[in-house]
Number of protein chains: 2
Amino acid sequence: MAERSHLLGLDVGGTKIAAVVADGSGEILAKIRRPTPAALGPDGIVAEMTDMLAEVAATVSIAPLDAAALGVSFGGPYDPVRGVVRDIPNLPDWGGVPLYALLADALPGVGLAIDNDANAAALAEWRFGAGQGADHMLYLTMGTGIGGGIVSEGRLYRGLRNAGGEVGHTVLVPDGAECGCGHRGCLEAYASGPAIARRAIEKIEAGEGDAFRAVLRDAGVALPDLRAEQIVEAARDGVKFAMDHLAETAFYMGWGIANAVSILAPEVVVLGTVATAAGDMFMEPLRRHVVDMAMPGVGEATRVEPAGLGDLVGDYAAIALAADVLGS
Amino acid sequence: MAERSHLLGLDVGGTKIAAVVADGSGEILAKIRRPTPAALGPDGIVAEMTDMLAEVAATVSIAPLDAAALGVSFGGPYDPVRGVVRDIPNLPDWGGVPLYALLADALPGVGLAIDNDANAAALAEWRFGAGQGADHMLYLTMGTGIGGGIVSEGRLYRGLRNAGGEVGHTVLVPDGAECGCGHRGCLEAYASGPAIARRAIEKIEAGEGDAFRAVLRDAGVALPDLRAEQIVEAARDGVKFAMDHLAETAFYMGWGIANAVSILAPEVVVLGTVATAAGDMFMEPLRRHVVDMAMPGVGEATRVEPAGLGDLVGDYAAIALAADVLGS
């Protein structure tokens, strides 16, 4: 039998599942996607996963059992010590599901690693993206929420209950904006995608941003449907309200990052989603705020970079976990 | 020759040096102290260190060369990768001194570990004090500054340039009180010993705290000489101004700790100095603020405890480094 070298990956989200196969170096050779069959419950979804693995493995003429390892990037809270999914308010069926045991039973002899998507993406950016070679890296998304993962000396820093890296829930303003977590004034309540839109809507409702409002009217966007992407686009087009709003967002994000930098002293902070889309217009003021607010000497030494993997981060996240379990 | 088992330690501060000897389990057997001979410069101080090690080792009838390891807790910034002392504004002679090489040359064959005092104290609380057995621990002092050290899975988390753990320089109020680091609004500018005193003085000068002012007058303490310890004492005696001031300090400290807890998800946060002196009156509100502001689920699971080693922390800090180099 040939030496096992292929890596399999599953990127499991609330609406879709992707299965990928990569060679031993992590280069992705094939990918398939299907909607997450939420109605089937955990057992049905695990059956769908193994079916998808068989299909994607067949594209390189192997069976899943011939792969060296499988990595699973799971879009929800996962306890890597017990190997079970944690209680999730909006997915009650999944609480306590022994995902590790179910997949290990399905694929005996194949290395297996499962982690939440933020940790997996952090590992991917460290192994394949903007954090390559860094001794200490902090990865932050700026999407629906502000998720985070910490890679230190080549390993994920997990903390108690795999809960580390929640920079999005550090508090900037104790009596500030309500956050989805139930607290007030978290970074996420100012700089996540929906929070960026909400802050802009509040300003417009208070009478600011006439020119931006005209842009939205021309584009047929109703104010309640405003999204961070549209603000980024208007800022790129030179609309002052949008530019100022993005600058204010860079202040909040820079403040939150600065505090994380003082605590973690990372070599590099890698930012995904909104930061990647907005580019230098956002990153340059943000870097200045990090230097102005992080521990002197550390802020200047820490690089703050947009993510390197873009839309492929989920695929690489799963493959990075698979590579990690092999220690390669 | 008997197997080497004794551990030696040096606790090097700006005004005094302590040398200790411990048995292999870390129990301290003897200790000597001398003033730091600052005028002699680094070479003279290193000579003093080796002389002190000979003296303290003699109390257990060994020579320093017979010890298994030496740990040095250094009261200043130290670069463990290069083994040199960093530039220190107030001790210009020490910048670039190759402390590791100097001591390794003096004690060939003896294991050697050197680190800054905050990291060493963190390791001591993890090995011998309130953090024993924790997978992830954050240690914070509340003395002249707010120093910090992180122990993760039995090892110090250092970060870039050994600069991690600077929770004291996370920014709570961007346009707030001036901090010694040159920035504004750092936690240290609200909750270090001198900051606790400064905030009280500002309130008293604004006309608050008549009863407390009377207490100070009776004790012969001039307002500019007020120290955090005197506020803690008055709070213990039930003086309302001092109690309220300590409660406000617990809010700032709890806020800063909550943010660190969201990022690090430590099993336990160990607090030294002011927190230890103030006891439950300070720790209980502080714990509530941590739960109110840290990532939900994590704040509740993190213990926040006063330090366990008290005034002996410096001695154990040095010995913990020595034990660490042996991997014992």
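How many residues of domain 1 of chain A are in contact with domain 2 of chain A? In this predicted model, 13 residues of domain 1 of chain A touch 17 residues of domain 2 of chain A. Helix α3 of chain A gives the most to the domain 1 side of this contact, with 7 residues.

**Domains of chain A**
- Domain 1 of chain A covers residues 7–129 and 312–325, and domain 2 of chain A covers residues 136–308.
- The centres of the two domains, taken over C-alpha atoms, are 28 Å apart.

**The domain 1 side of the domain contact**
- On the side of domain 1 of chain A that touches domain 2 of chain A, β5 (78–79) and α3 (117–128) each supply at least two residues.
- By class, this side of domain 1 of chain A has 8 nonpolar, 3 polar and 2 charged residues.

**Helix α3 of chain A**
- The end C-alpha atoms of α3(A) are 16 Å apart, which agrees with the 16 Å that its 12 residues should span at 1.5 Å a residue.
- Because 12 of the 12 residues of α3(A) are buried, this helix is largely enclosed by the rest of the structure.
- The buried residues of α3(A) include D117(A), L123(A), E125(A), W126(A), R127(A) and F128(A).

**Contact between chains A and B**
- Chain A and chain B each bring 36 residues to their contact.
- Helix α8 (residues 240–264) of chain A supplies 7 residues, the largest share of the side of chain A that touches chain B.
- That side of chain A consists of 19 nonpolar, 13 polar and 4 charged residues.

Terms used. Residues are numbered from 1 along each chain as its sequence is written. Chains are lettered from A and ligands numbered from 1 in the order in which they are written. This is a predicted model: local features need pLDDT of at least 70, side-chain atom pairs count only at pLDDT 80 or more; totals for chains, interfaces and linings use all residues. Domain bounds come from an automatic or database domain assignment. Two residues are in contact if their C-beta atoms, placed from the backbone, lie within 7 Å. Helices (H or I, at least four residues) and strands (E, at least two) are DSSP runs, numbered from the N terminus. Ala, Val, Leu, Ile, Met, Phe, Trp, Tyr, Cys and Pro count as nonpolar, Asp, Glu, Lys and Arg as charged, and the others, Gly among them, as polar. The expected span of a helix is 1.5 Å times one less than its number of residues. A residue is buried if 20 or more other C-beta atoms lie within 10 Å of its own, exposed if 12 or fewer, and partly exposed in between; C-beta atoms are placed from the backbone.
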